[in-house]
Each structure stands twice: as structure tokens, then as C-alpha cells.
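Dear colleague,

Here is the structure I promised to hand over, followed by notes on what turned up when I went through it. Please read them with the model open beside you.

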Amino acid sequence: MTTTPASSAFPSAFAAVDLGATSGRVILGRVGPDNLDLTEAHRFPNTPVRLPDGLHWNLLALFQGTVDGLREAARAGSVVSIGVDTWAVDYGLLDADGVLLGTPYHYRDSRTDDAAQRVRPRVGPEELYRITGLQHLPFNTVFQLASAAGSSQLEAARTLLLIPDLLVHWLTGTIGAEVTNASTTGLFDARERAWSGGLLDRLSIDPALLPPLRHPGDPAGTLLPYVAAHTGLDTSTPVVTVASHDTASAVAAVPATEPHFAYISCGTWSLAGLELDAPVLTEASRAANFTNELGVDGTVRYLRNIMGMWLFEECRRTWEAQGPPAHIPVLLAEAARCTAFGAVIDPDDPGFLAPGDMPERIREYCRRTDQPAPGSRGAVVRCILESLALAHRRTLRQAAELAGRDITHVHLVGGGSRNDLLCQLTADATGLPVVAGPTEATALGNILVQARAAGLVADLAAMRRLVASTQHLRRYTPRGDSAAWDAAAARLSPARTEP
């Protein structure tokens, strides 16, 4: 991504509001037949807040950062349109006057730990999967609502808006639910591609709580006067519905120009899987815990959520709280020098979900599984990266088998694509070539959907060709001993071994 400040170099650009788990950005993108240039207009932290009732997003600060970022975008030149993407599953509740009821919960809050047990008597896991096709995660929206059942907040609610839809509402005053994010809730029918009325009825959820659906490229509205006044943008500036689930935007920007590809969108989470035309709703798919979420143009993102670089970042946070700075290049260099396969972990072990002392949790996992606990920081990082590579291998092999698809190469996009060691380890583990980049896949997907709505890009294939021809990509060829990876995989529990 271009690091020059927003300036007249972007006289007419699309603005992507891209909120991640640790920071938010407003990115400007200029799109032409042979160019796709990005620059960062504004960045701001995303710092959750722990209150007496649990862990919450500081959504007011995030909205203020969004508006401040749009002001910086306006100073750079003409903004063609705006699109918003964030993480999935979390939501805000509005009362009858359209006022936010409380501060939205963070998906890592512990209140959903036993929520699935409240849903099970009404809809069993097998039936829930046949309807929604959704991977079981304890924080899925359906389980968050189960944990909120009977609360005064939910009783007073008249509208539920997922986080990107809530931000769009505050920008435009309009109400809607974008489908790629709606498909992550556990309230969405994967076959009908609509809210599941039958499921809502059985779970005693008022259908009126859920807004009408919108699709990527649909107009969402124009800026409210108070937003225009603060940003310097005109009230006629359109907000375009993009693939508001950040992973859906990232997958739209995968630079695939040939079939039979797999993708890994690697950041706080690693989302590894395939792009399909239809969901896979078999019992085998449910047992393997794969999800079927919508992508751009009705595609299906058939994937599994893997804990991802959250493990690495939580280790860094712990180390920096305890002692000297934990600089990423230093840690990766230390990891590269460590002995391979000293220990491996299951990144999706529930003990790794919540914030805390991640290095000690990793060492405890290793002791519990009769492996040598990594001592140095480099050894911990090596353990994390090799374990993620193993999880990528396992997930892609299972996805290919369950979907009946061949995989010839892997596209790894997002922040993890900057990590040379992880990219090479993923190539080695999978035995497949890995194409790394673009790093800013989410912002690119956001901007390209806006550009298509403006008539500058023809279709999804054209979007991907433009990414492939304009962005810096790196290629990694498998190397090393595949038997060593087989042996490392065999150390994991039987539930996590490969087919």
C-alpha cells in the first residue's frame, strides 16, 4: 500500500472504512483500467473496554475515528463513495426511537460460554447446520442472542444491526443488513439466502428485529447533514453497500486468475477454504466444523475459522507488558533459528480464545500433551507458526475432500502475507505453491465493489485480474521433508488429525 500522505495525488477516490480487531482505517483507493492505488488517510486504535458486565467494543470511539478519517479523505480530494467493512457476528440493538441500547459486546466476552446449550433443546446442532451451514463457534450471533434472552436490553430492542450496518446507519440514517455478514449470524438460511423465519420462530426471536437484506453494490444511502458538516463531504456523497464482512471483502480481492485455488485470509483469524457456487451442508461437513458464508456475487465461502495471528499478537502483548519490546522482525528471526517441530499446538483449543498470558497457555498445552514446553520467545513463535501451517494444511485438505474439489495453489492474503516464515511454512506443510499478497486485501475488496458500482470494473473476475496485475505478490515453493510434517500432525489429538 502506498504510504504517502493523502494528497492531490488522489483527486477522485473511493473511501474504504475498514475496521479490524486492533485498529480501524480509512483507506483511499483510485481505480483505473491499469491501476489500483491505495493510500491511508487515517488510522485509529480499536481498544475494547472491560465494564462490570463484560467485554465491549468502544464503538463510539470507532465511529469518531471513522468520521475523522472521512474528514481526512475529503481534504485529499473528491470522494466518489464510501464503503464500510468490519468483523462479523457482533451487533448493536436500537430501541423504538432508533437509539443504541448499551455498548455492543465483544465476541470474546465469556457470556456465551454455555449459550449453545440454551439453543440445543429448541434446535439441535445437526438441524442448525442443515439450515445455516455455519461453523459452530460459541460467539455466533445466534448464541449471543440466546445469552441475552430475557434481558431488559433485548426486550426493549426493535432493531438489530450488525456492526458495519450500524456504522452505515449512523452515516446515512438508513437500515439494512448486508448479506455476507448476515450469513455469519446463524440466523440465515444457506439455501434460501434469506433470514430463516422458521429458525427465528423456534428461537423466539422477533423477525421484525432483523432488517431487510442488502447485497454488495447496492446503494445504502447518502450522508446525513451532521456527518457532512463534520467531514466536509457533500450530503449527496453515496455510501455503497460492500461485502461488509471483512473476510468477504478480502476474498473478493484474492488475485486468482486460474481455477482450483484455495485461499487463506490471515490476520487475527486465519480463514482458510474454497470459493464454491453452492453450500456443502452434509453431516461430514458439520462434523469437520466448516462454514458456508456468502461472498460477492452469490459465491459461497466454504471455510473454517482458525485462531490465526491472535496467538502471536497476544504473546507480544504479554511479553511487552513483562519486559523489553517484542519487535516482530526480531521475534521472527529468533523463530527461524529455532529447531523445527519442538512442539505443536491446536490453535483452536478453547483455552486460546480469551485474552491473557498466551505464552504460558501455550506452554501449559504442551505439558498437557506430553510435549516439551517452548522456553524462549523464539521457540514460542516457532511453535505458533508451525501450528498455524499445520492447521492450514489440515483445513485445506478437508475442504477439498468435503467439496470434491482439487487444489493446485494457495493464495494467502491479509496481514499474515507479510510474514515470510509463515508463508514458507504454509507452502511446506500443504505441499502447494503459495502466492502471498496483497496485504490490504480487505480494503481492496471494499474499494473494488464500490468501483464496480460506479461502472469502472466489469465483474468479480475483472476485479481479481486488476489486483493480480497491480499489486505486489510473492511466491513460495514447497520445500523440505513432507514426512516431518506428517509426524508433527500425528502429535495432535485424534479429533484434529487429517482425513
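To begin with the record, UniProt (in an unreviewed entry) places the feature "domain: Carbohydrate kinase FGGY N-terminal" at residues 16-251; UniProt positions are given here in the numbering used for this model, feature names are shortened, and annotations may be inferred rather than shown by experiment. The end C-alpha atoms of that span, residues 16-251, lie 16 Å apart, and the span is 33% helix and 26% strand, where helices (H or I, at least four residues) and strands (E, at least two) are DSSP runs, numbered from the N terminus.

Two sentences on the basis of these notes. This is a predicted model, in which local features need pLDDT of at least 70 and side-chain atom pairs count only at pLDDT 80 or more, while totals for chains, interfaces and linings use all residues. Residues are numbered from 1 along each chain as its sequence is written, and side-chain values use heavy atoms, with hydrogens and water left out.

The buried residues of helix α19, which spans residues 482-490, are W485, A488 and A489; buried means under 20% relative accessible area, exposed over 50%, and partly exposed in between (1.4 Å probe, protein chains only). These three cover an arc of only 100 degrees around the axis, which puts them on the same side of α19, the arc being that of the directions from the helix axis to the C-beta atoms. Among the elements that cover them are α15 (377-403) and α16 (420-430), with contact meaning heavy atoms within 4.5 Å. At the start of α19, a side-chain oxygen of D481 comes to within 2.9 Å of the backbone nitrogen of A483.

Because D486 lies in helix α19 and R393 in helix α15, the pair ties together parts that are 93 residues apart in sequence. D486 is partly exposed at 38% relative accessibility, whereas R393 is buried, with a relative accessible area of 2%.

Other salt bridges

A search of the whole structure finds 22 salt bridges. One of them joins R317 to E314, with the closest N and O atoms 3.0 Å apart; being 3 residues apart in helix α12 (residues 310-322), R317 and E314 are separated by about one helical turn. Here R317 counts as partly exposed at 43% relative accessibility, while E314 is buried at 5%. Another salt bridge brings together the side chains of R301 and E293 (3.0 Å, N to O), and both R301 and E293 are buried.

Backbone points to check

Most residues other than glycine have a negative phi, and most peptide bonds are trans. Against that background, the peptide bond from G437 to P438 is cis, with omega near 5 degrees, and P438 lies in the loop between β20 (434-436) and α17 (441-453). S204, although not a glycine, has a positive phi of about 55 degrees; S204 sits in the loop between α8 (197-202) and β12 (213-214) and is exposed at 58% relative accessibility. D370 likewise has a positive phi, near 60 degrees, in the loop between α14 (358-368) and α15, and D370 is exposed at 74% relative accessibility.

Note on methods:
A polar contact is a pair of N or O atoms within 3.5 Å; within protein, one must be able to donate a hydrogen and the other to accept it, and residues adjacent in sequence count only if both atoms are side-chain atoms. A salt bridge is a side-chain nitrogen of Lys or Arg within 4 Å of a carboxyl oxygen of Asp or Glu.
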